[in-house]
Amino acid sequence: MTVPSISITMTGSGGSGVMTAGNLLLEAAGRAGWFGMMTRSAGPQIRGGEAAAMLRLSSEPVLAHQDRYDILLGIDWKNADRFAAEIPLDADSLIVGPGEAPAIFAEAAGQQFQLDLPKIAKSVSGGRPNMVALGVAAAIVGLPEEAVAQVIDKALGRKGADAVSAGMESVRAGMEAAKALPSFNSLAVNTEAETTSQEARWNISGNEACGLGAVRGGVRFVAAYPITPATEVLEWLAPALPKLGGALVQAEDELASVTQIIGGSFGGTPSLTATSGPGLALMMESIGLAVASETPIVVIDVMRGGPSTGIPTKSEQSDLNIALYGLHGDAPHLVLAPLTIGDCVFTTQWSVVLAEKLQTAAIVLSDQALGQTRAIIPRQQDVGMVAEREVPATLDEDYQRYANTESGISPMSIPGQAGGQYCADGLAHTPTGLPSSKADDHHLQMDKRLHKLTNYEFSSHWAEIEGSDDAEVAVLTWGSSYGAASEAVAAMQAEGKKVRLIAMRLLSPAQPEKLADSLQGISKVLVVEQSHSGQFYRYLRAQYDIDAQVRSMAVPGPLAIRPSDVLKTLSEWS
Amino acid sequence: MIATTGTHLSEGGCQIMAAKDYKSGVKPVWCPGCGDYGVLLSLTKTLAELQLSPEQVSVISGIGCSSRIPAYLKTFGFHGVHGRALPLATGLKVSRPDQTVIVASGDGDGFSIGGNHFLHACRRNVNLTYIVMDNQLYGMTKGQASPTSAPDWEKGKLTPGGTGINPFHPLVVGLASGANFIARVSGTDANGAVPILKQAIEHPGFSLVHILSPCITYNRDQLEWKKQVRQAPVEATSDPAQAARRLMTDDNLNLGVLYKGNRKPYQPDLKAQVDSLEVLEEQFAV
Ligand SMILES: Cc1ncc(C[n+]2csc(CCOP(=O)(O)OP(=O)(O)O)c2C)c(N)n1
Ligand code: SF4
Ligand SMILES: [Mg+2]
């Protein structure tokens, strides 16, 4: 759309190494000064089934995949048709690969060119088809050989000089073969001007970014139970924490991981866990304990298709309801959502800081699309926020752990602080923490726990707001749907239409005044989300008075919401 | 990780703590005559014996009559949710190894709803002391059968006619799962319990102390335990095979230290190796 970019998918069956080729292509694009993203898709096999590496490369940062692919490059076509819905092709698309591509692709694409990558690989001593594919792809998108050579060196260096030279020979063979391809006009990337970009760039996934945000925020204790698609958050933290003087413990289940972090936090250490829907469901009782006992914790939920086991490897924004409403009793807590892969760093960091400041539980709703997508993005500066829990400076006889303060935040003593002893409790309690079922005590503590959140000034971080100040139409979205919505809004603006985009990072507590301000002058609001029942739309209806026509665009997973979907809905309505 | 202000009083030598100094003064909710009073007394006496300053001790529990114990102590405490005392204590101890962490459960809390955590806490062998007040029933919910109820106990309100199923044997399971110290005490005999609780706290790794703590409200027969218990006829062994044979034939009434292992406790090293996050960020640089 507005960002000049090229989208390419590489497919191959088990063992073809297509993911490696995709990762190297992305990394090489980064070396060459570009930006981009790569999403992986795989069949149901645990390891080694057919796979597709879907990339979008650009001279500018990109937030979402395109609506279509320019190139479909097959190492082979075995079972490749399973990905048809994820790889839309059109008359401008080119298919490259051995023999006839599956009909569903061939019928959609404008051109097909036969190139037998495995055969080319055989002509190179130690040659590998995926490295040939890397060469073909690099040539098509116009990557310099040197950028590819650098990443081959990095990736294969430890396997020895022979592996590196065989890899590079394969790449060169691929680049050579690509010369025979028909010229392809949609390669709109301006290579000359952009490849010299010196801006520091990162190659990072959303899950790694959450891990980094956690430690930037001060997290030093993590308890972990693996679950797709959240595991990489934990896998990144496992070796990182010991370096920082922290620890990660692999727990026996999510009931344990969430209570372990409550224990860690009770001891004074900012603590976090990461999971996905099924794990979040198991954690609910103890998240309520963190809220009632005012013990700060952060739970990252990397959402996948639900309900139940659902679609573990695909994204959906359908845990919003459980994150907002899943706790029993009246249990005000924080719910936040990163908007982009890079924003996973900031939103996680901010969540840690907020949970610690407000002594409550924060649920961070990332998702598979952010978590497991790898991207070349600008380096994310450390905003310098670090957890600061209010600890009593002095302690005397009168210390009350749950004292009713003006802010609602009560200084929290830490084990080891003489005179600070108290018994944290999930039972309704008095200001000292003694169990009590008296109405006054219950009401006081409930008011306190609510007000400490509602009185807090969350600043402009609550949402990203883009587009025109004088627009009459707004797109209102949250979390990862921001990417597609943002591209759609930019495209409309480029056509001279005025649109505003509001993407919420803070879902709870609700910010009615802030939203009302951001909707000034708006008469139509399109609510965009990836769920079946319109969870976000319904949440808005319950929590906000929106003085405009409101329409819901709720699309369930597993397919990503594309910019064109949003654009189409917007154009039809406005 | 955390700078704390407390000192070990016996080292400081400034003040001698008595058992009563460990009591919070909060009046227990327990029925008059409940075995848990004895456990509370034993615990305060043990802490006094050890001269641990109250802020250096955390007592973590779940839910049940027995799990009410932390509020009655002057230490730090956490009365959490049903069945999850062990993981909460694990998180605390792993990140704050300087704290003395005691975990308190009932037989329902520890062996039924928290059963999985029990296995893995034994396996993990974090330096915790786990005291389980066993009254072979659920007291707090008014007298249902628990995993340790006798199969023919007919008064459980959900199991008229008895459970008909074998009771859980916590010490056998604890040994098999890797507990590093196993003992049984009588909750109604503080003098007998204190030296054993003291050893349990001092022994490195996961120490399991099975406490016979009668529920006089829902099973008065347990008052007989006082007369039926006996000192285990043999010295504690550190041979798990021998301990297994003994525990398999144990009738639940042998008191004393029954097993003393020497497995290395689980404790991550919390010394930072780098002083800046930049080292971690380098891996992302293109
Ligand atoms: C999740 C959950 N399920 C059920 C309960 C109800 N409940 C409270 S205490 C208890 C059993 C306690 O038995 P035990 O641990 O043996 O303690 P006792 O009261 O006998 O000392 C139950 C089932 C609860 N609090 N939470
Ligand atoms: S019900 Fe039983 S276990 Fe509970 S307090 Fe009363 S006597 Fe003790
Ligand atoms: Mg019991």
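Both Asp107(B) and Leu137(B) are buried, where buried means under 20% relative accessible area, exposed over 50%, and partly exposed in between, with a 1.4 Å probe and protein chains only. This is a predicted model, in which local features need pLDDT of at least 70 and side-chain atom pairs count only at pLDDT 80 or more, while totals for chains, interfaces and linings use all residues. Residues are numbered from 1 along each chain as its sequence is written, chains are lettered from A and ligands numbered from 1 in the order in which they are written, and side-chain values use heavy atoms, with hydrogens and water left out.

Asp107(B) in helix H4 (residues 107-113) of chain B and Leu137(B) in strand E5 (residues 137-138) of chain B are 30 residues apart, and the pair links distant parts of the chain. Helices (H or I, at least four residues) and strands (E, at least two) are DSSP runs, numbered from the N terminus.

**Ligand 1**

Ligand 1 lies between chains A and B. Its shell holds 17 residues, of which the closest are Cys65(B), Ser66(B), Asp107(B), Gly108(B) and Asp109(B); a residue counts as near if one of its heavy atoms lies within 4 Å of the molecule or strand. H4 and E5 of chain B each supply at least two residues of this shell, and H4(B) gives the most, with 4 residues. By class, the shell around ligand 1 has 6 nonpolar, 8 polar and 3 charged residues. Ala, Val, Leu, Ile, Met, Phe, Trp, Tyr, Cys and Pro count as nonpolar, Asp, Glu, Lys and Arg as charged, and the others, Gly among them, as polar.

| Residue (backbone N or O atom) | Distance to an oxygen atom of ligand 1 |
|---|---|
| Cys65(B) | 2.8 Å |
| Gly139(B) | 2.9 Å |
| Met140(B) | 2.9 Å |

Taken alone, ligand 1 exposes 590 Å², and the protein buries 76% of that. Accessible areas come from the Shrake-Rupley method with a 1.4 Å probe; for residues, only the protein chains shown count as cover.

**Ligand 2**

Around ligand 2 are Trp30(B), Cys31(B), Cys34(B), Cys65(B), Asn135(B), Cys215(B), Ile216(B), Thr217(B) and Tyr218(B). This shell divides into 7 nonpolar, 2 polar and no charged residues.

**Helices of chain B**

Helix H3 (residues 85-95) of chain B is largely enclosed by the rest of the structure, because 11 of its 11 residues are buried. Among them are Leu86(B), Thr90(B) and Lys93(B). Helix H5 (residues 115-124) of chain B has 7 of its 10 residues buried, so it too is largely enclosed by the rest of the structure. The buried residues of H5(B) include His117(B), His120(B) and Arg124(B). Asn125(B), which follows H5(B), has a positive phi, near 60°.

**Chain A**

Tyr539(A) is located in helix H18 (residues 535-543) of chain A and is buried, with a relative accessible area of 2%. Tyr539(A) and Leu324(A) are 215 residues apart in sequence and 8.9 Å apart in space, C-alpha to C-alpha.

Technical notes
Polar contact = N/O pair within 3.5 Å; in protein donor to acceptor, adjacent residues only side chain to side chain.
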